[in-house]
Amino acid sequence: MTEMVHKEKQVFPPGPYLRAERTTGGIMKDVCIALLPALLGAVYFFGIRALDLAGVSVVTCVLTEYIWQKATKAQVTVGDFSAAVTGLLLAMNLPVTVPYEVLIAAGIFTILVGKQLLGGIGNNFVNPALLGRLFVMTVWPAKVMQYVLPLTSGADSVTSATVLGTIKSGGESPYTYWQMFVGAVPGSLGETSKLFLLAGFGYLCYKGVVNMWAALIYTGTVTLLTFIFAPGGMYTGDILQNVLSGGLILGACFMLTDYMFVSRSGKILYALTAGALTAWFRLYSSYPEGVCFGILTANCLTGVLSLFYHRHVYGVKD
């Protein structure tokens, strides 16, 4: 009897606690639903392998979390869909050409290092999916840079530089604004179609899952700074090309919106910092993108940023 009581005993971290009808599982299910349009768009533009990669990534992340929690005798939380969301976002951040073994290794690293070793969901201070992308970029850099033209598959697939890569090297993009908006451009699985990403983001805003203003401030900060400080007029005069190319919309709508801060002022400061860092990496690093580096660096700075904004008082509307 004593053993049974001991097993049922739960240990809670220090308060305060907030009661709400929305659960972690409900939020994660909404994120999965919101990502479906972009996933279907990836299948249309890059072929059925995009769906296979997403499935392998989700299964890898879910199994890794389950096995780790079972091995460490921790509470099994795969039912909250957070591992599934991480796996889906990881696949969305990689090109359709990534080998399955690389994706599996990235999924295991993402869950173990980016999530479980930090204490699990709610304790990780960096976005796990972006950390997984960074892992692949560090260990297998060539595997993240092999992009293909949309609407080609199999032996007919043709590798091509992304829009940002072309601009960074001093060239001009051959793609129209419409092609960049709908997703008919080379890129990672989830970043190409801004139309489908915004549709999913609209759903999350409707459900009250994300903060719309944080995403807008982040996007606006990146756009404005790259427009003003671009060396040699790289983005000057073509502000739409900067917004519609690369993973800016994916990062703003699905990566930046982690619950790093509770208060509105904290979210604004966090979005401004991530936007400024992303712009810096885009402009002055050798890498043409910058979203991954910018958001991950801002993640690591949340402790410092918390010293510069008004604290949120629980139970009081900000």
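Biologist: What is the handedness of the crossing in which H14 passes H15?

Modeller: The model here is a predicted one. Two packed helices are described by the angle between their axes and the distance between the axes. In this case H14 passes H15 in a right-handed crossing. The axes of H14 and helix H15, which covers residues 291-300, come within 8 Å and cross at roughly 140°. H14 is therefore oblique to H15, because angles over 145 degrees would be needed for roughly antiparallel.

Biologist: Which residues form the nonpolar patch on the surface?

Modeller: The patch consists of Tyr 177, Leu 224, Phe 227, Ile 228, Phe 229, Ile 239, Leu 240, Trp 280 and Tyr 284, and together they have about 910 Å² of accessible area. Two or more residues each are given by helix H11 (212-229), helix H12 (239-244) and helix H14 (264-284). H11 supplies the largest share, four residues.

Biologist: Why is Trp 280 called partly exposed?

Modeller: Trp 280 has its place in helix H14. Its relative accessible area is 48%, and partly exposed is the class between under 20% for buried and over 50% for exposed. Ala 199 is partly exposed at a relative accessible area of 45%, and Leu 195 counts as partly exposed at 35%.

Biologist: How far apart in space are Ala 199 and Leu 35, C-alpha to C-alpha?

Modeller: Ala 199 and Leu 35 are 9.1 Å apart in space, C-alpha to C-alpha, although 164 residues separate them in sequence. For Leu 195 and Trp 178, the separation is 17 residues in sequence and 9.8 Å in space, again C-alpha to C-alpha.

Biologist: How many salt bridges are there?

Modeller: Side chains of opposite charge can pair when their charged atoms come close. Here the count comes to two salt bridges. One of them joins Glu 65 and Lys 115, with the closest N and O atoms 2.7 Å apart. This pair links distant parts of the chain, 50 residues apart: Glu 65 belongs to helix H3 (residues 49-71), and Lys 115 to the loop between helix H5 (100-114) and helix H6 (128-139). In the other, the side chains of Arg 282 and Glu 289 meet at 2.9 Å, N to O.

Conventions:
Residues are numbered from 1 along each chain as its sequence is written. This is a predicted model: local features need pLDDT of at least 70, side-chain atom pairs count only at pLDDT 80 or more; totals for chains, interfaces and linings use all residues. Side-chain values use heavy atoms; hydrogens and water are left out. Patches are made of residues with over 30% relative accessible area and no salt bridge: like charges are joined within 9 Å, nonpolar side chains (Val, Leu, Ile, Met, Phe, Trp, Tyr) within 5 Å. Accessible areas come from the Shrake-Rupley method with a 1.4 Å probe; for residues, only the protein chains shown count as cover. A salt bridge is a side-chain nitrogen of Lys or Arg within 4 Å of a carboxyl oxygen of Asp or Glu. Buried means under 20% relative accessible area, exposed over 50%, partly exposed in between (1.4 Å probe, protein chains only). Axes are lines fitted to C-alpha atoms, for helices over the stretch in contact, and angles run from 0 to 180 degrees between N-to-C directions. Angles under 35 degrees count as roughly parallel, over 145 as roughly antiparallel, 65 to 115 as roughly perpendicular and the rest as oblique. A crossing is left-handed if the near helix is turned anticlockwise from the far one by less than a right angle, and right-handed if clockwise.
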